[in-house]
Amino acid sequence: MRATLVHRITVNGVLREVSVPPSTTLLAALREQCGLTGTKFNCEQGECGACTVLMDELPVNTCLVLAASADGHDVVTVEGIDGPGPSVVQQAIMATDASQCGYCTPGMVVSATALIARCPKPTREDVDEAISGNYCRCTGYESIITAIEQAAQARSE
Amino acid sequence: MPDGSTEQRVLAGPAVGAAEFTYHRPGSPQEVDDLLAQHRGVARVLAGGTDLLVQIRSAARRPAHVIDIADLSAVRGVSFDGGRLRVGAATQLWEIEAHPVVRKRFAALREAVRCVGSLQIQNRATLVGNVCNASPAADTGPALLVYDAQVGVRSVRGNREVGLAEFWLGPGQTALEPDEWVEHVTLQDQGRHGSAYVKLGRTRGVDLALVGVAALARRGGVRLACASLAPTIRRLAAVEDLLSGDESPGEEQVAEAVGADVSPISDLRASARYRLAMTGVCIRRANETAGRRWEERNA
């Protein structure tokens, strides 16, 4: 039995219809149905944060959200942050070379964006906490933290 | 399916499990009762999904029906009335952390909530889901016990309140009958008191507790409860008696009482011996912080 459900999800400001089997994750729906591959597939158990998006403005792991549960909700992926061009956080990441293999970068961008939105002048501790659910296996945390601090500063100036 | 999707499906891990389930999104608590009665034993309630979807993926659970209550507004939110804090089943951890009454009167709960997984997890996971998952390592468990938590259980057959200590039967096992679900959890306000939760993990970031201790200090003595030290989260009765006495006990006495209260295991995170040794340290830290907060409240 592979019943298909149709869900209406607002993705990056656009109402999308996705039809998927019930056990489909929001991660798979975004990547395969919406073609938004910036959201990365990795641990599948909510440990690594590579699949982080904003759901109703809060960072969540899309590997642990059913596409069905996102029906009627507002989702922003890395592609949709601050419109089409690079966001303040993305610019800071480029400026500080804070991306090595790059796999964690989209999740980091989403978590950092949520932090700066709710806390415009974050302390180092705030930054640490905000990305504590985002693993960088290149272990390039220092430059990522610097980038987020610079982005917050740029945004508040 | 668009062309070329087969390969992508493999890469993107499309589903949470090989077995499909029927998805329900009920519009009222009564509808949840009915669905659970109708699909007795083969349905599972999904609140945040941060445990359930992992369990379905690893085939630890294979529900034929998933009942999603995340958007069920009737069971969402935190309220404080008549000295009891009530947390609805669909209330996510971030909402509890941000609630002004929780910040003021339930410090240990707030600290425990902040220890659960990452922010991403706290933005989806629920307190009631944490309770129903019955993990011996659940960070919120010790705080709930020192605040005399009660579990509000319901089904088509009616409602009942179960004390949290009686609700947990073993790792992953609860007193819920197959047609029952938890509508809310309530905590008792403790008047003038101080409380704290201390977690020891391998890292300061996301990890399960090697040892977790909640302490609550007030007139009449101290309450303690621990995670990761027994098949269920539990109060530390012998240590409570010892620390509530007139004389402050020595470290050896505390260690002896701890040994009477808990039965830690060795696993990939730590040995039983290490857990036992660190329990005394966590108790001291939690107790000191709780005591200091109580004094500040009295000052």
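View 1. Buried means under 20% relative accessible area, exposed over 50%, and partly exposed in between (1.4 Å probe, protein chains only). A:Asn61 sits in strand β4 (residues 58–61) of chain A. Helices (H or I, at least four residues) and strands (E, at least two) are DSSP runs, numbered from the N terminus. Contact means heavy atoms within 4.5 Å.

The model is predicted: local features need pLDDT of at least 70, side-chain atom pairs count only at pLDDT 80 or more, and totals for chains, interfaces and linings use all residues. Residues are numbered from 1 along each chain as its sequence is written, chains are lettered from A and ligands numbered from 1 in the order in which they are written, and side-chain values use heavy atoms, with hydrogens and water left out.

**View 2. Ring pairs link B:Phe80, B:Phe106 and B:Tyr147 into a cluster.** Over all chains, a search of the whole structure finds two aromatic pairs. Rings of Phe, Tyr and Trp (its six-membered ring) pair if their centres lie within 6.5 Å; planes under 30 degrees apart count as stacked, over 60 as edge-to-face and the rest as tilted. B:Phe80 and B:Phe106 are edge-to-face, at 6.2 Å centre to centre and 75° between the planes. B:Phe80 lies in strand β4 (residues 78–81) of chain B and B:Phe106 in the loop between α5 (100–105) and α6 (107–115) of chain B, so this pair ties together parts 26 residues apart in sequence. B:Phe80 is partly exposed, at 30% relative accessible area. B:Phe106 is buried, at 0% relative accessibility. The rings of B:Phe106 and B:Tyr147 have centres 4.8 Å apart and planes at 55°, so that pair is tilted. B:Tyr147 lies in the loop between α9 (140–146) and β6 (150–155) of chain B, so its pair with B:Phe106 ties together parts 41 residues apart in sequence. B:Tyr147 is buried.

**View 3. Strand β10 (residues 181–188) of chain B is largely enclosed.** Seven of its eight residues are buried, so the rest of the structure largely encloses β10(B). Strand β5 (residues 84–88) of chain B joins β10(B) through five bridges, antiparallel. Two strands pair if DSSP finds at least two bridges between them. B:Arg84 has B:Gln188 as its bridge partner in β10(B). β6(B) also pairs with β10(B) in the antiparallel sense, over five bridges. There B:Val151 stands opposite B:Val185.

**View 4. Four strands of chain B form an open sheet.** The order is β11-β12-β13-β14, with antiparallel pairing. β11 and β14 (234–235) of chain B are the edge strands, each pairing on one side only. Seven bridges join β11(B) to β12(B). B:Leu200 stands opposite B:Val211 in β12(B).

**View 5. Helix α13 (residues 272–298) of chain B bends at B:Met278.** The bend is about 25°, taken as the angle between axes fitted to the seven residues ending there and the seven starting there. The expected span is 1.5 Å times one less than the number of residues. Buried residues of α13(B) include B:Ala272, B:Cys282 and B:Gly291. The buried residues of α13(B) pack against β11 (194–200), β12 (211–218), β13 (221–227), α11 (237–244) and α12 (251–261) of chain B.
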